[in-house]
Amino acid sequence: MHPDYSAILSLFLGTTWIAILGTLDDKIHMGWRLKLAGQIIGVAILLVGGHTLKNASIPLLGLVDFGWSGAIFFALSVLIITNAVNLIDGLDGLAGGICFFAALVSAVIGVFKADIFLAVIGFGISGGLLAFLRFNFPPASVFMGDGGSLMLGFLLSTLATSSVATSPGQRSGVFTMILLPFLPFGIALLDVSVAIVRRGVSGRCIFHPDTDHIHHRLMDTLGRPRRVVAVLYLFSALLSAITLTMVLGPQHQFYRVYVVFMGVVALGLVILLLRLYTREGLPQILGNRSHMKFLASFADYMCRRLQRATTEDEALMLLERGVTDLGFDYVRVERDGELFMEWTSSRKLHPDSERIEQKRSVCPRISIYWATPTHDSDSFQKYLLLTWNQSLRALSNCLERLHDRH
């Protein structure tokens, strides 16, 4: 049998396109709509090359032939896993480690299923990631960025879900159940699922970033990045072991008991991770819903308004909204080491609470100082500071644009 060269070519072209897309996002910080459109183009390249999801063995239903709908399921699978890997790339070594386990699982399956292409690609990725993690493990000196996380998520999700193989029929044996290809990405998919639910409940756009992911919550609990990464590596290794056992293990009662036991352990870990989000009760989350929606609108407004600014002074004057709209104690702007302008609130929020004072340089000449009270809701506090920092990043881009124009 001959390899499916059109499928291999489309995988190469699609992955290259996604790598370019992610690299551009690292440079210019594209909006989520534009980035999602670029990912859809990458998936379209795969579909044109023949990649799809043909069939899967589903418990209680047996072997199911997806027919034309297989292309839709395949496209959604690739998009979900790609963005899930991208979302967890918020802690040194995390995304690279999870992708290492996923690539290693694909490689081992490729060896046992005589799928040489899958084995070579899988071992190549896992070997490269092992070397990369040498410098990306906390404290990192090399970083993945969107160019790396999007590319890895796209490539590995295609290898896990596509029914195309170097020889027809070899890959179909991998799908012993519909969820099996997703198990190595369990942490990433759990994180994106929790993110969608909590953002939806709190009134935020599900595509807007925040600093409340599982690894952020674990960081608050464990205190050290290496501990957080070790816990999530352990979870990924457990899910990878379950995957390999279900795909390659003999149909013996011992292996079934083993899989059930490991599944119970994994479920227990999931419950422990979800308990990280029980610090704030549902009434408090719903009570902050209108405030969260306002912060999301504020970030959108500031980014759009700064795009229309024509002078440096006009752009800097927009920072007054930190006091008037966000309730900061003060916002101070220093230019060339001297005070340029300052706004102070006449009525401070939560006067008895601890104050948080911070500073950020938006360009070599300009530094921004501000102070904000500590709010009762930890989630609101984090999202407030994230919103303000997004506005400052938009200000930095605006000032760079104005400087290049002149």
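**Ground rules.** I took helices (H or I, at least four residues) and strands (E, at least two) as DSSP runs, numbered from the N terminus. The model is predicted, so I noted that local features need pLDDT of at least 70 and side-chain atom pairs count only at pLDDT 80 or more, while totals for chains, interfaces and linings use all residues. Residues are numbered from 1 along each chain as its sequence is written, and side-chain values use heavy atoms, with hydrogens and water left out.

**Overview.** I found 15 helices and 6 strands in the protein. For burial I used relative accessible area with a 1.4 Å probe and protein chains only: buried is under 20%, exposed is over 50%, and partly exposed is in between. By that rule 48% of the 406 residues count as buried. I counted a contact when heavy atoms lie within 4.5 Å. Among contacts between residues at least 6 apart in sequence, 66% join residues at least 24 apart.

**Helix α11.** I looked up I285 and found it in α11, residues 282–287. I285 counts as partly exposed, at 25% relative accessibility.

**Helix α2.** Which residues of α2 are buried? I listed K35, G38, Q39, G42, V43 and L46. They sit on the same side of α2, because they cover an arc of only 140 degrees around the axis, the arc being that of the directions from the helix axis to the C-beta atoms. I reminded myself that an α-helix has 3.6 residues a turn, so residues three or four places apart point the same way. The face turned away from the buried side of α2 carries the exposed residues R33, L34 and V48. The buried residues of α2 pack against α1 (5–28), α3 (69–87) and α6 (145–161).

I also checked the length: α2 (residues 32–48) has 17 residues and reaches 24 Å from its first C-alpha to its last, close to the expected 24 Å. The expected span is 1.5 Å times one less than the number of residues. Just after α2, G50 takes a positive phi of about 105 degrees.

**Helix α3.** The 19 residues of α3 should span 27 Å, and the end C-alpha atoms are 27 Å apart, which agrees. Its buried residues include F74, V78, I81 and V85. What do the buried residues of α3 pack against? I found α2, α4 (94–112), α6 and α7 (186–202).

**Backbone notes.** The peptide bond from P138 to P139 is cis, with omega near -5 degrees. I placed P139 in the loop between α5 (116–136) and α6. H350 is not a glycine, yet has a positive phi of about 45 degrees. H350 is in the loop between β4 and β5 (355–363), and counts as partly exposed at 36% relative accessibility. D336 is another non-glycine residue with a positive phi, near 55 degrees. D336 lies in the loop between β3 (330–335) and β4 (338–344), and is exposed at 52%.

**Salt bridges.** Side chains of opposite charge can pair when their charged atoms come close. My rule was a side-chain nitrogen of Lys or Arg within 4 Å of a carboxyl oxygen of Asp or Glu. The count comes to 13 salt bridges. R355 and D329 meet at 2.8 Å, N to O. That pair links R355 in strand β5 with D329 in the loop between α14 (321–324) and β3, 26 residues apart. Is each partner buried or exposed? R355 is partly exposed at 25%, whereas D329 counts as buried at 4%.

D336 came up again here: R365 forms a salt bridge with D336, the closest N and O atoms being 3.3 Å apart. R365 is in the loop between β5 and β6, 29 residues from D336. I wrote down the network too: E312, D313, R335, D336 and R365 are linked by salt bridges.

**Strand β6.** I finished with I366, found in β6 (residues 366–373). I366 counts as buried, at 0% relative accessibility. Leaving aside neighbours within four places in sequence, its contacts include L316, V333 and L399.
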